[in-house]
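The sequence and structure come before the details.

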Amino acid sequence: MWKYILKRLLMMIPVLIGVTFIVFFIMALTPGDPAAIILGDQASAEALALKRIELGLDKPIPIRYLNYVNDMFHGDLGTSYKNQIKVWDQVWDKFPNTAILAVAGILVALLIGIPIGILSAKKQYTFMDNSSMVLSLIGVSMPNFWLGLLLSLFFALKLGWLPSQGMGTGFFPLLRSLVLPAITLGTGAAATVVRMTRSSMLEVIRQDYISTARAKGLSEKAVTRHHMLKNAMIPIVTAVGLQFGQLLGGAMLTETIFSWPGLGRLMVDSITSKDIPMVLGAVIFMAVMFSFVNLLVDIIYAFIDPRIKSQYDKAGVKRIGFRKRSIAA
Amino acid sequence: MAEKQEILRVEHLKKYFDTPSGSLHAVDDLSFSINKGETLGVVGESGCGKSTLGRTILRLHEPTSGNIWFEGREINSCNKREMKNLRKHMQIIFQDPFASLNPRMTVGETISESLLIQKLVGRKDKAKLEKEVTELMDMVGIAPRLINSYPHELDGGRRQRVGIARVLALRPQFIVCDEPVSALDVSIQAQVLNLMQDLQEEFGFTYLFITHDLSVVKHLSNEILVMYLGKMVEKAPASALFANPLHPYTQALLSAIPVPDPDFPVSRILLEGELTSPIDPKPGCRFARRCPKATEACLKGDIPFIEVEPNHFAACIMIGKT
Amino acid sequence: NGASEASAASGGYKDTITFAQGADVTSFDPHIGKETPAVAVTNHIYDTLVDIDSVSGEVVPQIAERWEQISDVSYRFFIRKGLKFHNGEDLTADDVKFSLDRAIASAAVSYIVDFIKDVKIEDDYTVVVTTKAPYAPALRNLAVPFAAIVPKDYVEANPDILKTKPVGSGPYKFVSWAQSDSCKLEAFDDYYAGAPKTKYLVMKVIPEAAQRTIALETGEVDLSYDILTSDLKRVRENEKLTLYEAPSLTCFYISMNMRKKPFDNKLVRQAINYAIDRQLLVDTVNSGTGAPADAIIAPAVFGYYSPGQYDYNPEKAKKLLAEAGYPNGFSCSLWVNNNQTRVEMCQAIQEMLREVGITCKIEVMEFGAFISRSTSGEHDMAYFGWVTSTKDADYTYYSLEHSSQQGAAGNRTFIADPEVDRLIELARTNTDTDTRREAYKDLAILLKDIANNAPIIYTAITAGSSNKVENFALDPIGYHKLEGVTVHN
Amino acid sequence: MSSGPKARSLWKETWRRLKKNRLAVAGMLFLITLVLIAIATIVIDLVMHNAIYNDYVIKQNLRLRLKGPSPEHIFGLDEFGRDIFLRMIWGIRYSLFMGTIAIALSTIAGGILGAIAGYYGKATDNIIMRFMDVLLAIPSMLLATAIVAALGTSLTNLLLAIAISYVPTFARTVRASVLTIKDQEFIEAARALGAGDGRIIFKYIIPNSLAPLIVQATLGVAGAILSIAGLSFLGLGIQPPTPEWGSMLSSARSYIREGWHITVIPGLGIMLTILALNVMGDGLRDALDPHLKN
Amino acid sequence: MDEPLLTVDNLTVNYETDDGIVQALNGVSISVGQGETLGLVGETGAGKTTLARGIMRLVPSPPGKIKSGSIMFEGRDLLKLSEAEMRTVRGKSVSMIFQDPMTSLNPILSIGEQIQEVIATHNRELSKEKLRKQANDMLELVGISADRAHEFPHQFSGGMKQRVIIAIALACNPKLLIADEPTTALDVTIQAQVLDMIRTLKEKMNTAMLLITHDLGVVAQNCNRVAVIYAGEIVEMGTIRQIFKNPTHPYTIGLLESIPSLAKKEVHRLNPVKGMMPDPTNLPVGCKFNPRCKHAFEPCYGKVPPLTDIGAGQLVRCYLAKERG
Ligand SMILES: Nc1ncnc2c1ncn2[C@@H]1O[C@H](COP(=O)(O)OP(=O)(O)OP(=O)(O)O)[C@@H](O)[C@H]1O
Ligand SMILES: Nc1ncnc2c1ncn2[C@@H]1O[C@H](COP(=O)(O)OP(=O)(O)OP(=O)(O)O)[C@@H](O)[C@H]1O
Ligand SMILES: [Mg+2]
Ligand SMILES: [Mg+2]
């Protein structure tokens, strides 16, 4: 198991290098001159030229990339073009905020998604099934930013229950300020969780061991809790792992709407100002976060499913990267 | 029986699979031959390498080592095109009649695939194609109205008939039958077995008939090969094998078969344990751990496959000793 | 956080003012962070030699107690004695020289101080600033926040320190910064003009404009800058809130690239000017705030002269186009950076141009790309906004209309007109106010005819606050001083 | 298991099952209506040389901006005084078709990559899938944002960005189904008959992996429409005055409190479309599923 | 014989599906005596599993529906019990083994837990320690070392899994064991082991058994009596010798002639029943076997022939039974 985890962690390195490669080249090919961004529209041509040299922008792109990777391995993610502060410091500062938001979003998704999914599966093809599916789908169907605005208009402005923006300090203020962004972020994922829960419950319900459990004389509640849910969890966990990526993407919008000081906003700001080192830093962190979540998913698997655990124990890395099943939307 | 003519010869055939936990000896050093128009039955427990043997002979798996001659031709050295030609003469019928049919193709399409792939009928020649297909369907006993049906609309017996028709289209000389009836119900199973027998008589097919059910091969085969964990343990003409099984495994196998006759004397040799893993097997007799007659000696060195009686081979060093 | 500490305040006043703005401080180093959102905060941390009174627009003392003009090209400044930086060090002539030199060396802000030839220290509390040539707006430039005075020793020990741990001599000292979220300042008790009335100043970043208004309405913030135009009415009519509005120093205009066809043709440029209904834009897209522009500098700026607006006359525009050889109009592009209001403005202009037959495609781009690509002259037309931060016409005319400033520095119409150059230089080097005014008047009339830029709108500067906020005054420049402001409980 | 003579193709059978799912049928009808309207508008534009487009859809009337619904303008007017109803109608082609085209592109690219990776396995698989892992490690919205920011905002760039960001999802789906299909006996049967790789991939593997792909694509289109709207919010979507729903919603958001119609109409438009795609996708999944297991 | 342990009378079960109503059981009546083994044979889709599930009241619903009939077990009609009462019967008085050992065990619970679960359900007062001990004893009884109780199903081979399932089924000493094709998925040598074990245990505990299979060989060697089911109807029922030595219904005869057997002397050709099972949504009128029967004559197409006793309790559902038997 430990060996497996270690191997997975090592596998992340090439993936991350790939990520930096792609993002670096996308950003480097962007029209627009970072020097002009730093110095603003009134800088002289000489100043711009000097700045470019200072930033190493006079060198060919591949060399710049190699330098970047080299620095990265020395723990240096560079300095922001925009405010000349170490990227690492800024990203590290924002990272927990996004993590909190994303985890809260996932929790919302699970809290909404799993009960509805179970209900839906147990009452397949009934009115209950249909209406709960539609209800949960409405969440995923609304553009994230619109939902956020509506929520804050209603709950913050109209009812005055919750803050409309910002991240509170201290436990309860934080919790209060987390509610609306987490709902905004989580409802999208909720629909996927509902869907996965429903279909994997349906799958499990058909299994012989459920019949066996019933034949033992177990009550329906015990059958559901003991035999169905845990088995049905496996694909749900997968879905959650993948949703996490979607969620990180959605964080860009949610964080902007709710002035949440996270990586997503940092990303948006940096992309629009072509702050390459910042973008790279933020993307790397998000990718790491995503990879960790997927590793976590695989570890959780092992706890849920002993077959997988023994697979890890035996084979070390056989399946790397992400899960087989993937879900859009 | 007329003069015997060898159609397939297999020598020292090995097929090992690389698995995460080690090298899996699925087929380990098999040698035998089959005569034209005859049936060689291959029996053994699940996982002993029967299917692998069949597939390796057809080069659906590349053998790890060993040689296969088909009509005097070494087929391991054939290139792609030669292999494609050879496939006209060597075919396979699979166990699971549902899994072996493309669910997105109708009965007609499935059967014509054979003709089209091997270019026995031109793609343009719709009329001829249809004629051939209906003829084949008739031969295997599928009503012509089913020509546009999809596999999921057919029952198991009919599906297997489609599988047979697909092979029959090529009129191959040699057919590997990989448990063709084990997924079918008894009455259907008998129908299909009869069909296969009829076709053999009509076209002179040679069968390598894989099964785990000894009673099925008994009335079909000329010779029977018993496998255990990738190894041959016994080979004999059918009647000799049933009359006088030599290897302890064969004996146990025979005794375990439930006979549909309440008066049949049951003298069961109950084996302890089950088939073990074929991954990196230890030297010596692979059956030794379950064998009621095993001794220390069985675990040492290779066990020779010896001709105990004329044409009756067995791989057991204890034969005659107890 | 700030708001929660409010209850601790005494005398019915809160101890914290919380204000919201759309973007974060880019850098606390005054010689780097020159964007309005940055200055809105750092303005309270640093002082400059002199200041401009937000009401009268006159130059008034700040660090320099008084000054004298020794010659056409040199000024002597007498520094207040006993001034302290937030870290306890004394502010002396050394710091002034160091700071001005540092500003000149900073690529980001040097344009504002590079008229200076050198800074000489006469004694601990006297410096002499010599300019390269006679330069009329010198004092106003020195009042710009990017000419801030910073502590020499502190900065020399670590040149990057101001970016995150600023120390100045202003009314508030830096406490903490949660990047892209908020920052907190605390009153500086030793401030020469007396400590500010409210103990803490908290700036909150709320990028989404609609959310800023909501935060104001829910009381999450006391003060919010740049109210969304569509929210102005709402704030004005809300009896718990006060709306502040003032003409700004900003003009929005369309620059036409005179190097490209058909904008090399004066008639075309004039036609475009005639085709735009400025009043309608003000009334609708801008919700009635601001005013139609007739020149590229705002009325509050020294040197402003109204040459008279191009009236809205599509028929005339069509006629001019026909005269110029484009009876069926033409196609072109209009560039704008990705700012919602600006894009909306361009969309409306796009439609107005379509009515006189000009098909123009809007290309929205990110600010960096917008600046650098328009600098190299790739654009046909581009929509810009310009703040005359010094409140002196030279700042704008020199950058935007002088032939030496083509491309890089701001002349994005690529105008190179000897008469224009002459008038700009005349006003720049002459210190006589009347002569300067006269020159700028001629210039305004001339530029209206050349029509290289189509001035569109003078925006208003807006802010909203809760009624509990007292003594808040807008500064047309866009960043407001809060040291006198108090908030009722 | 029925053994009757009724020759029903799998697609017909799927349709028969789908028909039973009222929700899915409603979704499908909604989408078909949208498509028909979109086609009608395209034809109208061709016939009338964009007259309606120029004179109503993008024509502004600033003096009437933000006016609420009235008999002449059933959905009211937007922030430039344009008729929201007409803009919605004319915008279908952008919202729906762009999502569809983007997903079609990534389905093809991802499908081919996934099929190759799954079919050939070993090194090929490794190279392709490691590359996909890299793409997948970057959240798709983020990737799309970076690409549009880099290439600039244009219709094609937007399509490309969305398409690229969805490629790994499709590659994975197809690879997974190819992996399960390629070891099935009917593939081996075809190989035993002497069928070549091409024939096996195109006649055997692709038709059989189509079902999950179709479901995935349907849901993908929904995701793409949302992504486009999200990009609009960031100012990287389709540029004005094109009446794309996402950009309509995003530019209307400053006026969210001016009148309900201005955001609710485009918002509902997007929502219903995505809802329709989702229920249809779910319906298809249910309808297609049983066959592969039976 | 005294009162049988289980008497199923006229049980009718339908599945209401998209394709129509599947008439899975059409008035099935069987009985199992104390300690007796009744074999139930028939082809795929004949309704064997439905009958087993019906007795347990575990017919999946929807789509399944028990239309009519009664199931008398120890003097009570199981169909009239409440769901809670029924739960006390399941696993305790009547237990069931499903066909496929690979999927009948929950993959994520250890086998020990799965055995304990059934014991705990029916003996709520037992301490944890006692539970564990009982479960381990059960495991040892089926020949698996108690040390392996904490292991998971995937760590066992098919035969061992089936033995675990048997341990679960017998853990509460049921009166009746319903075994639905318990060895179909296993190899012959393993099948022999498992069947042998079931037989020994059931004799030891005096458990009656309903053994469902399609393998006549298994029936011949394990049962006292046999019922042959065809298209949801019992077509013939009798003692093992009656059925094998004097098969009377044409279907039973056909079935016996279909199987290649080691016992028979060289037969060159098998002699199977022609045709296939009828479509269960559209069963033939009259005798359900009439399309495949070579003796079918007019009455066979009219009313369903009754089960007639042709002597010594051998029941046959055929108009020609008397003459042929
Ligand atoms: N492609 C493969 N890769 C790895 N191992 C394989 C592969 N195919 C078969 N094996 C292994 O080889 C051994 C022999 O398998 P094979 O399918 O030939 O057995 P079999 O005798 O046909 O069994 P059955 O009766 O279950 O069909 C088994 O242990 C199996 O797990
Ligand atoms: N859940 C279900 N829904 C619909 N029809 C069903 C269902 N379960 C069984 N049937 C149908 O009921 C009939 C009897 O099925 P049953 O499973 O009892 O047969 P069986 O004799 O156990 O067959 P097998 O030997 O294949 O296990 C069949 O026609 C089958 O298709
Ligand atoms: Mg096999
Ligand atoms: Mg069954």
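## Ligand 1 in chain B

In chain B, β2 (22–35) and α1 each contribute at least two residues to the shell around ligand 1. The biggest contributor is α1(B), which gives three residues. The model is predicted. Ligand 1 is surrounded by 13 residues, and the closest of them are S46(B), G47(B), K50(B), S51(B) and T52(B). Sorted by class, this shell around ligand 1 holds five nonpolar, five polar and three charged residues.

Which atoms of S46(B), G47(B) and K50(B) lie by oxygen atoms of ligand 1? For S46(B) it is a polar side-chain atom, 2.7 Å from an oxygen atom of the ligand. For G47(B) it is a polar backbone atom, with an oxygen atom of ligand 1 at 2.7 Å. K50(B) also uses its backbone: an N or O atom there lies 2.9 Å from an oxygen atom of ligand 1. On its own, ligand 1 exposes 630 Å², and the protein buries 65% of that area.

## Ligand 2 in chain E

The shell around ligand 2 has 16 residues, of which G45(E), G47(E), K48(E), T49(E) and T50(E) come nearest. By class, seven of the shell residues are nonpolar, six are polar and three are charged.

Polar atoms of the protein lie by oxygen atoms of ligand 2 at several places. In T49(E), a polar side-chain atom is 2.5 Å from an oxygen atom of the ligand. The side chain of E181(E) has an N or O atom 3.2 Å from an oxygen atom of ligand 2. A46(E) takes part through its backbone, where a polar atom is 3.3 Å from an oxygen atom of ligand 2. The largest share is the three residues from α1(E).

## A helix pair in chain D

In chain D, helix α2 (residues 22–47) packs against helix α4 (residues 84–120) at an angle of about 115°, and the two axes are 8 Å apart. Is the crossing of α2(D) and α4(D) left-handed or right-handed? The crossing is left-handed.

From α2(D), the contact is made by L31(D), L34(D), V35(D), I37(D), A38(D), T41(D), I42(D), I44(D) and D45(D). From α4(D), the residues in contact are I89(D), W90(D), I92(D), R93(D), L96(D) and F97(D). Counted by class, the contact of α2(D) with α4(D) has twelve nonpolar residues, one polar residue and two charged residues.

## Backbone geometry in chains C and B

Two loop positions are listed here for their backbone angles. In chain C, the peptide bond from K261(C) to P262(C) is cis, with omega near -5°. P262(C) sits in the loop between β12 (241–256) and α9 (266–275) of chain C.

In chain B, R59(B) is not a glycine, yet its phi is positive, at about 60°. R59(B) is placed in the loop that runs between α1 (50–57) and β4 (65–70) of chain B. Helix α1(B) is also the element that gives the most residues to the shell around ligand 1.

Key
Residues are numbered from 1 along each chain as its sequence is written. Chains are lettered from A and ligands numbered from 1 in the order in which they are written. This is a predicted model: local features need pLDDT of at least 70, side-chain atom pairs count only at pLDDT 80 or more; totals for chains, interfaces and linings use all residues. Side-chain values use heavy atoms; hydrogens and water are left out. A residue is near a molecule or strand if one of its heavy atoms lies within 4 Å of it. A polar contact is a pair of N or O atoms within 3.5 Å; within protein, one must be able to donate a hydrogen and the other to accept it, and residues adjacent in sequence count only if both atoms are side-chain atoms. Helices (H or I, at least four residues) and strands (E, at least two) are DSSP runs, numbered from the N terminus. Ala, Val, Leu, Ile, Met, Phe, Trp, Tyr, Cys and Pro count as nonpolar, Asp, Glu, Lys and Arg as charged, and the others, Gly among them, as polar. Axes are lines fitted to C-alpha atoms, for helices over the stretch in contact, and angles run from 0 to 180 degrees between N-to-C directions. A crossing is left-handed if the near helix is turned anticlockwise from the far one by less than a right angle, and right-handed if clockwise. Contact means heavy atoms within 4.5 Å. Accessible areas come from the Shrake-Rupley method with a 1.4 Å probe; for residues, only the protein chains shown count as cover.
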